[in-house]
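Open your viewer and get ready to click through a few side chains with me.

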Amino acid sequence: MPTAPSREEMLQAVEEKAARYGVHTSLSAPGAAYLVWQSVFECRVVRSIRSEEETAKRVKGRPKGIAGRPTYTDLAGHPVEPPADPANSGRVELVKDGSLGEESCGDCVEGRKDCPVCEGQGGRQCARYVECETCHGGPDACWECNGTGHPRTRRARTTARPRPQGAEQRAACRRCKRADVACPTCLGQRERECVTCRAKGFVTCQTCKGAKRVRDEACGGTGLFTVWTEGAVIHTPDRDEVRRPAPLALKLRTDANGAWSGSRMTGVGEELPDYLEDAHRKAIVPRLAAKEREVRRHVTLRYLPLARVEVHADPDRVYYAFPGPAGIEVQGLPSKRRVAHLTALTSAALALVALVTVVAVFVVR
Ligand SMILES: [Zn+2]
Ligand SMILES: [Zn+2]
Ligand SMILES: [Zn+2]
Ligand SMILES: [Zn+2]
Ligand SMILES: [Zn+2]
């Protein structure tokens with residue numbers, strides 16, 4: 001594990017970097033530089049939390065695999081290996097010892113029951129003939145025979161009977177055979193064949209197609225239910241994180257290049273690595289206490305020593321120094337003062353542009 005560079009080593013590296021910007025000053029002199037540690041630090045904790053739940057199950061038929069499932073007597077004490085990676089969820093379903101059984105459906109006979117639509121009749125009775133909807137079976141069925149087939153006048157007319165102006169077209173009567181006297185719908189017969197049963201007198205049930213019995217969907221046509229008490233052991237990931245990130249403008253390689261320190265811990269109460277600063281240690285220790293029902297944990301730590309250095313002779317920059325793969329790296333970022341100055345310059349430039357635009361508009365006019 002590489003040890004963090006000392007304060008003196010960091011200042012020396014900053015001094016060399018400042019010289020390249022043309023700032024030549026000795027940073028070891030009192031008041032020449034102001035250094036604070038702002039180390040980058042990440043701690044990710046993933047725990048696996050175990051819980052159990054018990055459910056009464058009643059499933060139609062004989063579901064596959066139930067008989068082969070492992071059983072338990074004490075669910076809370078039943079050993080189940082948590083997922084190797086606590087970031088994964090897990091669920092193991094068990095059957096309570098002695099709870100597995102079968103119940104007869106009770107609503108059917110061997111999975112079949114009377115058709116609920118026709119009540120086991122296979123269909124329903126239906127009138128063969130229905131009253132004519134035009135003449136309602138009344139005297140208008142036939143003006144000659146009233147639908148009886150016996151005309152009032154003995155002698156059949158040879159010509160059509162005079163019909164009132166605008167009255168509907170009449171038809172030849174099927175009963176008395178007179179022309180132009182009968183209701184055009186029933187042709188003098190007062191009733192018509194039923195279109196539902198086509199004069200058969202019976203309509204077959206569409207649900208059972210006349211079979212009178214249907215499959216009982218409640219039990220899936222098996223006539224039985226399988227019942228048992230299901231116990232599930234559940235592992236749920238629980239995530240926590242503490243981060244002390246680097247300033248956004250800083251370009252830090254995040255790959256493992258030897259400059260970062262990293263650790264992976266799996267035990268509760270495991271010793272924290274020596275490289276941690278006291279502030280980091282203080283931030284994470286309360287987060288690492290054992291949680292209720294915690295059965296596995298992965299703790300990942302990453303750490304990069306980072307020094308922030310202000311140089312008295314160079315107020316426009318802030319220097320950041322950190323160990324890289326080849327010695328200490330230093331990056332100079334614009335200081336707040338510098339940023340404020342640049343912003344003011346930009347505003348002034350924009351104001352100038354606006355002024356020029358106004359002048360230009362006046363010239364065009
Ligand atoms: Zn039916
Ligand atoms: Zn009918
Ligand atoms: Zn009619
Ligand atoms: Zn008639
Ligand atoms: Zn049933």
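**A tour of rings and a metal**

Start by selecting Y303, a buried residue with a relative accessible area of 4%. Keep in mind as you look around that this is a predicted model. Y275 sits in the loop between β13 (261-265) and α2 (278-284), while Y303 belongs to strand β14 (residues 294-304).

Next, show R302 and W260: the charged end of R302 sits over the W260 ring, 4.0 Å from its centre.

Move on to Y21 and Y319. Here the aromatic pair is tilted, at 6.1 Å centre to centre and 45° between the planes. Because Y21 lies in the loop between α1 (7-20) and β1 (33-37) and Y319 in strand β16 (residues 317-324), the pair ties together parts 298 residues apart in sequence. Y319 is buried at 0% relative accessibility, whereas Y21 is partly exposed at 36%.

Last stop: the zinc ion (ligand 5). Which residues coordinate the zinc ion? Select C105 (SG), C108 (SG), D216 (OD) and C219 (SG), at 2.0 to 2.3 Å. The arrangement is tetrahedral because the 4 donor atoms subtend angles of 98 to 118°. Along the sequence, the donor residues follow the spacing C-x2-C-x107-D-x2-C. To finish, color C105 and C219: both are buried, C105 at 12% and C219 at 0% relative accessibility.

Key: Residues are numbered from 1 along each chain as its sequence is written. Chains are lettered from A and ligands numbered from 1 in the order in which they are written. This is a predicted model: local features need pLDDT of at least 70, side-chain atom pairs count only at pLDDT 80 or more; totals for chains, interfaces and linings use all residues. Side-chain values use heavy atoms; hydrogens and water are left out. Donors are N, O and S atoms within 2.8 Å of the metal (3.2 Å for Na, K and Ca); water is not among the atoms, so sites may look incomplete. Four donors count as tetrahedral if all angles lie between 85 and 135 degrees; four count as square planar and six as octahedral if opposite donors are over 155 degrees apart and all others between 65 and 115; anything else is irregular. Buried means under 20% relative accessible area, exposed over 50%, partly exposed in between (1.4 Å probe, protein chains only). Rings of Phe, Tyr and Trp (its six-membered ring) pair if their centres lie within 6.5 Å; planes under 30 degrees apart count as stacked, over 60 as edge-to-face and the rest as tilted. Helices (H or I, at least four residues) and strands (E, at least two) are DSSP runs, numbered from the N terminus. A charge sits over a ring if NZ of Lys or CZ of Arg is within 6 Å of the ring centre and within 35 degrees of the ring normal.
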